[in-house]
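Dear colleague,

Please find the structure below for your records.

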Amino acid sequence: MPHAAQLWRDFAAEAALPPADIEPVAAWIERTAKHMDGAATGDLAHFLDADLQVLGKPPAAYAAYARQIRLEYCHVSPAVFPAARAQAMETFLKAERLYFTDEAHARLEARARHNVASEIRRLRAGAPGAS
């Protein structure tokens, strides 16, 4: 399956967008793979915050998101998924802050950390729906 940034490049080319407008967005998309690696300001900060806004949803909405992620990774063995997902989510908890803009940080940070920590506990405990 093509990488999301390549899908963007293909779409942008078909839409005849100016080349100077294509690569910055492709770079933002690629940055989501290493979300917490380095600083982000301006439009990139808003883009990355939008990408992680789901972490700060109310708990029921976050639980639905976690179930969707498991479906997205249905090809990953139930013996492997919980530990791998927990490890990936722990990178967020280790970050000083999840959101780059002050607005998103103030509005979403506490609930996002609670949701992520709760998901990690469920995954580590082998709770139903965790795999």
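This is a predicted model: local features need pLDDT of at least 70, side-chain atom pairs count only at pLDDT 80 or more; totals for chains, interfaces and linings use all residues.

Residues are numbered from 1 along each chain as its sequence is written, and side-chain values use heavy atoms, with hydrogens and water left out.

Helix 6 covers residues 102–125; helices here are DSSP runs of H or I with at least four residues, numbered from the N terminus. With 24 residues, helix 6 reaches 34 Å from its first C-alpha to its last, close to the expected 34 Å (1.5 Å times one less than the number of residues). A kink of about 55° is centred on Leu108, the bend being the angle between axes fitted to the seven residues ending there and the seven starting there. Gly126, which follows helix 6, has a positive phi near 70°.

A polar atom of the Glu109 side chain lies 3.0 Å from the backbone nitrogen of Leu98. The side chain of Glu109 also meets that of Arg113 in a salt bridge of 2.8 Å, N to O (a side-chain nitrogen of Lys or Arg within 4 Å of a carboxyl oxygen of Asp or Glu). Because Glu109 and Arg113 are four residues apart in helix 6, about one helical turn separates them.

The whole structure holds six salt bridges. In one of them, Glu119 pairs with Arg85, the closest N and O atoms being 2.9 Å apart. This pair links helix 6 to helix 5 across 34 residues. Glu119 is buried at 4% relative accessibility, and Arg85 is buried at 11%.

The largest nonpolar core has 19 residues, and Tyr99 and Val116 are among those with the most contacts inside it (such a core is a set of buried Ala, Val, Leu, Ile, Met, Phe, Trp, Tyr and Cys residues joined through side-chain atoms within 4.5 Å). Helix 6 supplies the largest share of this core, six residues. Apart from it lies another core of six residues, including Trp8 and Ile22.

Yours sincerely

Methods: Helices (H or I, at least four residues) and strands (E, at least two) are DSSP runs, numbered from the N terminus. A polar contact is a pair of N or O atoms within 3.5 Å; within protein, one must be able to donate a hydrogen and the other to accept it, and residues adjacent in sequence count only if both atoms are side-chain atoms. Buried means under 20% relative accessible area, exposed over 50%, partly exposed in between (1.4 Å probe, protein chains only).
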